[in-house]
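My entries follow in the order in which I made them.

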Amino acid sequence: MAAVAAAAGTFARRMARSGVLFPRSSPQVWPQAARQPPGLLPAQRRAFSNNKILVELDTSSGVATMKFKSPPVNSLSLDFLTEFCISLEKLENDRACRGLIITSAIPRVFSSGLDITEMCGKSTEHYAEFWRAVQEMWIRLYGSNLVTVAAINGSSPAGGCLIALSCDYRIMVENPKYVIGLNEAQLGIVAPFWFKDTFVNAVGHRAAERSLQLGLLHSVPEAHRMGLVDEVVPEEKLQEKAVAVMAQWLALPDHARQLTKSMMRKTFRTLSSSHPKTPSRSHFQRTWRC
Ligand SMILES: CC/C=C\C/C=C\C/C=C\C=C\CC(=O)SCCNC(=O)CCNC(=O)[C@H](O)C(C)(C)COP(=O)(O)OP(=O)(O)OC[C@H]1O[C@@H](n2cnc3c(N)ncnc32)[C@H](O)[C@@H]1OP(=O)(O)O
């Protein structure tokens, strides 16, 4: 328990160093239209970047694009998760931003999920901090007030699938090599209940039961059929489609859409307020034999 508390403190300090407020306890409601401060020339584009993620915000449309750029496979390391939360928080605090498209700059992979090297041979404190960061990523993305669209341009197993599932809409590139799903059972581990719930919310109980027990990674057409992704497009149409979907969602009044989203996703507050126990060191070691 002390380790969990220490990890919470460490993660909070990492976020605080970035200048981002932490944590935010309740959803914020943003103005309906992107606004520019009066008297200033509108800067159409703003960008910020770190060594894991690139973010570009088009202030005229209010749409930001977040590109994962952490070779080789955009695995979700502690550093990646921290940068993700910082970037998301910056966008949420930017009154010009209303929507977020998440995609990958790495060919053929959206995200390979949690970084396996973070779960081997580390201290109890590290596991606690890592797990805290995984939860925080999900809480912030699933509970975000922004319209979030996943433009999935590569394989997306496990934690990568969770990121996509946490968005409001998923568009995946049609490619016979790409797969998506929660394959934890194949790895001999159990997807946490909030991974499971997010999956069930997208595909329904029966499809989830089968997919999760067998740890299936689905082809793109199969993922589309079962509702795991909402749309499938050729690679060259992905950006255009993501922008079009975003425009459709942003056409609604923000407050009504945001409150509806918050109502539909209210379970996230349970985790947010209770942060379940971090898996123990022996659990990690047993699972990965390290
Ligand atoms: C977890 C501890 C136990 C208990 C806790 C309790 C409950 C919940 C626990 C866990 C929940 C976990 C969710 C997860 O996300 S676990 C991670 C699952 N991820 C995977 O299974 C993906 C594995 N990777 C792949 O399938 C493929 O790599 C690919 C499809 C993403 C890409 O294929 P490529 O052919 O393009 O690339 P590769 O040659 O396979 O890989 C290149 C390179 O990258 C390394 N790598 C791949 N995935 C990961 C990863 N997730 N973390 C770290 N590193 C990864 C791979 O080893 C290669 O490295 P080298 O070049 O060999 O050095």
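**Entry 1**

I traced the open sheet first: seven strands form it in the order 1-2-3-4-6-8-11, with mixed pairing. Strand 1 (45–49) and strand 11 (231–233) are the edge strands, each pairing on one side only. From one strand to the next the twist averages 20°.

I note the basis of all this. The model is predicted, so that local features need pLDDT of at least 70 and side-chain atom pairs count only at pLDDT 80 or more, while totals for chains, interfaces and linings use all residues. Residues are numbered from 1 along each chain as its sequence is written, and side-chain values use heavy atoms, with hydrogens and water left out.

For my terms, helices (H or I, at least four residues) and strands (E, at least two) are DSSP runs numbered from the N terminus. Two strands pair if DSSP finds at least two bridges between them.

**Entry 2**

Strand 1 and strand 2 pair in the antiparallel sense over five bridges. They form a hairpin with three residues between them. Phe48 stands opposite Val55 in strand 2.

I then moved on to the next pair. Strand 2 (residues 53–58) and strand 3 (residues 63–68) are also antiparallel, over six bridges. Leu57 has Ala64 as its bridge partner in strand 3. I keep in mind that side chains in a regular strand alternate between the two faces of the sheet.

**Entry 3: totals**

I counted 11 helices and 11 strands in the protein. Of its 290 residues, 51% count as buried; buried means under 20% relative accessible area, exposed over 50%, and partly exposed in between (1.4 Å probe, protein chains only). Among contacts with a separation of 6 or more, 74% come from residues 24 or more positions apart. Contact here means heavy atoms within 4.5 Å.

**Entry 4: helix 3 against helix 5**

I checked how helix 3 (residues 124–142) and helix 5 (residues 193–203) pack: the angle is about 25° and the axes are 12 Å apart. Axes are lines fitted to C-alpha atoms, for helices over the stretch in contact, and angles run from 0 to 180 degrees between N-to-C directions. Helix 3 and helix 5 are therefore roughly parallel to each other. The classes are under 35 degrees for roughly parallel, over 145 for roughly antiparallel, 65 to 115 for roughly perpendicular, and oblique for the rest.

Helix 3 passes helix 5 in a left-handed crossing. A crossing is left-handed if the near helix is turned anticlockwise from the far one by less than a right angle, and right-handed if clockwise.

Which residues make the contact? Helix 3 supplies Trp131, Val134, Gln135, Trp138 and Tyr142, and helix 5 supplies Trp194, Thr198 and Asn201. I sorted the residues of this contact into five nonpolar, three polar and no charged. In this sorting Ala, Val, Leu, Ile, Met, Phe, Trp, Tyr, Cys and Pro count as nonpolar, Asp, Glu, Lys and Arg as charged, and the others, Gly among them, as polar.

Thr198 is buried, with a relative accessible area of 3%. Leaving aside neighbours within four places in sequence, Thr198 is in contact with Trp138, Tyr142, Leu162, Leu165 and Ser166.

**Entry 5: helix 5 against helix 6**

I turned to helix 6 (residues 205–214), which packs with helix 5 at an angle of about 130°, the axes 7 Å apart. Helix 5 and helix 6 are therefore oblique to each other. Helix 5 passes helix 6 in a right-handed crossing. The contact is made by Lys196, Phe199, Val200 and Val203 of helix 5 with His205, Ala207, Ala208, Ser211 and Leu212 of helix 6. Its residues divide into six nonpolar, two polar and one charged.

**Entry 6: backbone spots**

Is the peptide bond from Pro71 to Pro72 cis or trans? I find it cis, with omega near 5°. Pro72 sits in the loop between strand 3 and helix 2 (78–92).

Asn74 is placed in the loop between strand 3 and helix 2. Asn74 has a positive phi of about 50° although it is not a glycine, and Asn74 is buried, with a relative accessible area of 0%.

I logged Ala158 in the loop between strand 7 (154–157) and helix 4 (159–165). Ala158, not a glycine, has a positive phi of about 50°. Ala158 is buried, at a relative accessible area of 10%.
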